[in-house]
Amino acid sequence: GSFHQSPFWKLERFRECGLFDAELAQATGIAQSTLSRRMRGTMPWTSDEIAAVCRVVGIPRQVSGISFF
């Protein structure tokens, strides 16, 4: 098969923190299906979601743009 790189591959940081998708969704208050669509790039992130993910996985606000934009 072919390799498909997620538009938000840099967010794999949550896996480095020992979290799975479902755990990240729960920790951030984002529905798992919504998180999945955001990670695939089929739906845009909201500012509240970005802030929640950054808080949970320890991405400083100053560099959040590298992961999301």
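Author: This is a predicted model, in which local features need pLDDT of at least 70, side-chain atom pairs count only at pLDDT 80 or more, and totals for chains, interfaces and linings use all residues. Residues are numbered from 1 along each chain as its sequence is written, and side-chain values use heavy atoms, with hydrogens and water left out.

Reader: What makes the pairing of the side chains of Arg 38 and Glu 49 a polar contact?

Author: The two side chains come to 2.6 Å. A polar contact is a pair of N or O atoms within 3.5 Å; within protein, one must be able to donate a hydrogen and the other to accept it, and residues adjacent in sequence count only if both atoms are side-chain atoms. The pair Arg 38 and Glu 49 is therefore listed as a polar contact.

Reader: Why is Arg 38 called buried?

Author: Its relative accessible area is 6%. Buried means under 20%, exposed over 50%, partly exposed in between (1.4 Å probe, protein chains only), so Arg 38 counts as buried.

Reader: Which buried residues does H4 have, and what do they pack against?

Author: The buried residues of H4 are Glu 49, Ile 50, Ala 52, Val 53, Cys 54 and Val 57. They pack against H1, H2, H3 and H5, where contact means heavy atoms within 4.5 Å.

Reader: What does Leu 24 touch?

Author: Not counting residues up to four places away in sequence, Leu 24 touches Phe 14, Leu 19, Leu 35, Val 56 and Val 57.

Key
Helices (H or I, at least four residues) and strands (E, at least two) are DSSP runs, numbered from the N terminus.
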